[in-house]
Amino acid sequence: EIIDANLDNDDLSVDFLAESLFISRPNLQGKVKSLCNLSAGEIIRNYRLTKAAEFLSKGFTISEVGHMVGFSTPSYFSKSFKDFYKMTPSEYLKNV
C-alpha cells in the first residue's frame, strides 16, 4: 500500500519505505530478502514497472507512464523497462 500510494514519488526509496514501516533499513532488507529473495529496492522497482505495463496497456503515453510510476527521466524509465521486460516500452505497446 505504501509503494502504491507513493508510486509517482521519485523520492520513494528503501529508506522511505523503512521509515514508513517504522523499522530500520537493515531489518526491512532482511525481512524482504527472506520472504521474496529480492532486495527491497528490487521490490519497489519491479512493482513500478509492473504498474507501468498496466498503464501502457490502458493507453497512457510512455512519457506519462514514466512520470506516473516515479521515474525522473524518460531515458531511465525506458532502460529500466527494457531490463525488466526485455523490450522497450514502444515494443511493448506494439505487442499489447
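Reader: Does lysine 51 count as buried or exposed?

Author: The model is predicted: local features need pLDDT of at least 70, side-chain atom pairs count only at pLDDT 80 or more, and totals for chains, interfaces and linings use all residues. Residues are numbered from 1 along each chain as its sequence is written, and side-chain values use heavy atoms, without hydrogens and water. Buried means under 20% relative accessible area, exposed over 50%, and partly exposed in between (1.4 Å probe, protein chains only). Lysine 51 has 16% relative accessibility and therefore counts as buried.

Reader: With which residue does lysine 51 form a salt bridge?

Author: Side chains of opposite charge can pair when their charged atoms come close. A salt bridge is a side-chain nitrogen of Lys or Arg within 4 Å of a carboxyl oxygen of Asp or Glu. Lysine 51 pairs with glutamate 54, the closest N and O atoms being 3.5 Å apart. Glutamate 54, at 33%, is partly exposed.

Reader: How many salt bridges does the whole structure hold?

Author: The search finds 3. Another joins arginine 25 to aspartate 15, with closest N and O atoms 2.9 Å apart.

Reader: Which residues form the largest nonpolar core?

Author: Such a core is a set of buried Ala, Val, Leu, Ile, Met, Phe, Trp, Tyr and Cys residues joined through side-chain atoms within 4.5 Å. Here the largest has 12 residues, including Leu7, Leu49, Phe55, Phe71 and Tyr92.
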